[in-house]
Amino acid sequence: MNADRIKDSVTGLILAGGQGRRMGNVDKGLELFRGKRLVDHVYERLAPQVGGIIINANQNHDAYKTFGVRVVSDAIGNFAGPLAGLHAGLSVSRRPYLASVPCDSPFLPEDLVERLLARLNESGAELAVAKTGDQPHPVFCLARRGVLEHLSNFLKGGGRKIDAWYASLAMVEVNFDDRAEAFSNINTREELANLEEGTSEDGNTEAETTAETGTHAAPAIAAAAAAALERLSPPSGDSPAGVTSGDALARVVSCIEAYDPNALRVEKAREVIRSLLVPVATNEKLAVRAALGRVLGEPIISTLDVPAHDNAAMDGYALRHADLKAAGETELRLAGSAFAGRAFAGKLGRRECVRIMTGAVMPQGADTVVIQEIVQTEGDKVRIPAGQKRGQNRRLAGEDLAAGKAVLEAGQAVGPAELGLIASLGLAEVTVRRRLRVAFFSTGDELASVGSTLKPGEVYDSNRYTLYGMLSRLGCDLIDMGVVRDDQASLERALKAAAADADAIITSGGVSVGEADFIRELLGKLGEVVFWKIAMKPGRPMAFGKIAHAGNEAHFFGLPGNPVAVMVTFYQFVREALLALSGRTDDCTLPLLQAPCACSVKKSPGRTEFQRGLLARDERGQWSVAPTGAQGSGVLRSMAQANCFIVLEHERGSVKPGELVRVQLFDGLI
Ligand code: AMP
Ligand code: MG
């Protein structure tokens, strides 16, 4: 679709229907900011992206009518939130798509609509939602007009939460990490004043969903955390001697509004972890093949032009475009031929052409290839029809890779395609980050090692085996420290040894309430660790922080003891953190797909649940997912039978058969 058709197919909706409670019940959109009303900023950014604009407001209609656009009130409730606004917009909009933005987002991306629409159409989803990091921004979304009916039913059923609504339909999230600051919204007068002075365009410390718009200010948390860290932590690099994080962790979590270690949301835990990671920075040189699975330590700069010469993109005749008549046929003389690997030796004379095959080097003097199907030949006469474009069917030298340009960036993982690309440049060695060193051990007096006979009350230590499996797949260097008994001296010894040597330490067991006391004390002594009860099932208790010994500092992940909880917390928090620590700079989170759930699933709102699921095709070839049997957090069999987690979001209630749910494949798609 060209740019104008994109514009014409989309109506923009500015959501200005909130009460502005946190600003003292003012109409936010009308607040002045840098000499204009907030809504003026938003209008100016949105208008060039859409065919027309509607404003949703529940008061001061005249003030919003200054743009000469339609202003609509909610049809339901009394300041019922962004969904009511979206409903009002969809009810009156006539274009096939509706793009909504809140009135307090003066920095919204100039390419918001284009990118949302592209993904929506690519994926076939009903709704595209912008996200940065892990955080969706539900009010920055683009919907097909057809979702109106679904939304009306949802609202009739009493639904008001935008996240819950969009979780109930085919939705695709669109990454805007490159524009994280653009989603800052303004909730308090203080924030407005700060921004007014230009002191912190992204310094919004708001963390919670705002009552008015449901906009998350996740980038602001990350920015606040990063700012706090910059003041408190060493610059990134291999943990320098004797450095501890001091009270960095406390400062970071204190930046998060409504931080509650007793009911921490999954996304918040991820953010805190992410903001405290100090990735490996040491490089090593490896032969190309040995670099498979590693992380590039330096960009790969092209040493050559690829292709090395101008060459033909089609089989046909190479000629000089200037020889062609402006109108009518031109007759040229056939001077020879050029094949891939065997170039035409001479130089093209006036009114000459050369028979050429795909990939063959363009003869000197030729700039255009005419495909063989439209050419007439007779002996050495070649007749070329009119209407040929200069440069057609010719690939230019350096078109794929230009000498001196970066072809791969530091922080990218080396997979099969990257190996080939590196080889295509003739490079024999690659600079990669050193491997991440991960120490891990199990804790518990009841644990027996495999191969021994179980005594009464004992269980075999399985967590060290699942951890071994998961860590091996990430390509870490492993330090298996065995089983450590639940006593202070043994734990202290193990933790110190691990902290002296590793970049990350992973333990299982011993973080639940009953057990935590002396461990808490011990970890406090060795570093800075917080104990969380995460609003999730399974995997509620977890500890995270850093511990230091002998001049080294290691990231610490204290996982629960239950075997399934170990795997869930690993996949949800540790995997992504370890990849970032290894130097990866891309988004390493496991993708969330959507699939209909084959049966009903019980779930209460207020925590994120990770059911073990099997995503499979039925006899008609349709994909659906179903939980795998008993879901107790000790039942490893449910993991072994599963190929994915069914991720039931925090706000979500029970699932009916056929409802769409999010699915996270354990090992990605390939
Ligand atoms: P904890 O978190 O230490 O209270 O452990 C919770 C449950 O997980 C208990 O039933 C433990 O026996 C079990 N558990 C802890 N560690 C392991 C392990 N390494 N392998 C198997 N089960 C474990
Ligand atoms: Mg235990």
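**Reading strands, loops and a ligand site**

Colleague: I'll start with one pair: Ala287 stands opposite Glu429 in strand 21. What sort of model am I looking at?

Modeller: A predicted one, where local features need pLDDT of at least 70 and side-chain atom pairs count only at 80 or more, while totals for chains, interfaces and linings use all residues. Residues are numbered from 1 along each chain as its sequence is written, chains are lettered from A and ligands numbered from 1 in the order in which they are written, and side-chain values use heavy atoms, leaving out hydrogens and water.

Colleague: Which strand pairs with strand 21, and in which sense?

Modeller: First, the general idea: strands are DSSP runs of E, at least two residues, and helices are runs of H or I, at least four, all numbered from the N terminus. Two strands pair if DSSP finds at least two bridges between them. Here strand 10 (residues 283–287) pairs with strand 21 over five bridges, in the antiparallel sense.

Colleague: Is strand 21 mostly covered or mostly open?

Modeller: Buried means under 20% relative accessible area, exposed means over 50%, and partly exposed is in between (1.4 Å probe, protein chains only). In a regular strand the side chains alternate between the two faces of the sheet. As for strand 21 (residues 429–433), four of its five residues are buried.

Colleague: What joins strand 32 to strand 33?

Modeller: Five bridges, with strand 32 (residues 608–617) and strand 33 (residues 623–627) running antiparallel.

Colleague: Now the loops. Where does His650 lie, between which strands?

Modeller: In the loop between strand 34 (644–648) and strand 35 (660–665). His650 counts as buried because its relative accessibility is 12%. Its contacts (heavy atoms within 4.5 Å) are, apart from residues up to four places away in sequence, Arg265, Ala535, Lys603, Pro605, Gly606, Arg607 and Thr608.

Colleague: And why does Gly653 count as partly exposed?

Modeller: Because its relative accessibility is 24%. Gly653 also lies in the loop between strand 34 and strand 35. Setting aside neighbours within four places in sequence, Gly653 is in contact with Lys603 and Pro605. From Gly653 to Gly545 you go 108 residues in sequence, and 32 Å in space, C-alpha to C-alpha.

Colleague: On to the ligand. Which residues come nearest to ligand 1?

Modeller: A residue is near a molecule if one of its heavy atoms lies within 4 Å of it. Of the 15 residues around ligand 1, the nearest are Glu446, Asp461, Ser462, Gly510 and Glu515. The shell divides into three nonpolar, nine polar and three charged residues. In that scheme Ala, Val, Leu, Ile, Met, Phe, Trp, Tyr, Cys and Pro count as nonpolar, Asp, Glu, Lys and Arg as charged, and the others, Gly among them, as polar.

Colleague: Which polar side-chain atom lies 2.6 Å from an oxygen atom of ligand 1?

Modeller: That one belongs to Glu446. A polar side-chain atom of Asp461 lies 2.7 Å from a nitrogen atom of ligand 1. For Ser442, an N or O atom in the side chain is 3.5 Å from a nitrogen atom of the ligand. Ligand 1 exposes 480 Å² when taken alone, and the protein buries 78% of that; accessible areas come from the Shrake-Rupley method with a 1.4 Å probe.

Colleague: How many helices and strands does the chain have?

Modeller: There are 17 helices and 35 strands. Buried residues make up 50% of the 670 residues in the chain.

Terms used
A polar contact is a pair of N or O atoms within 3.5 Å; within protein, one must be able to donate a hydrogen and the other to accept it, and residues adjacent in sequence count only if both atoms are side-chain atoms.
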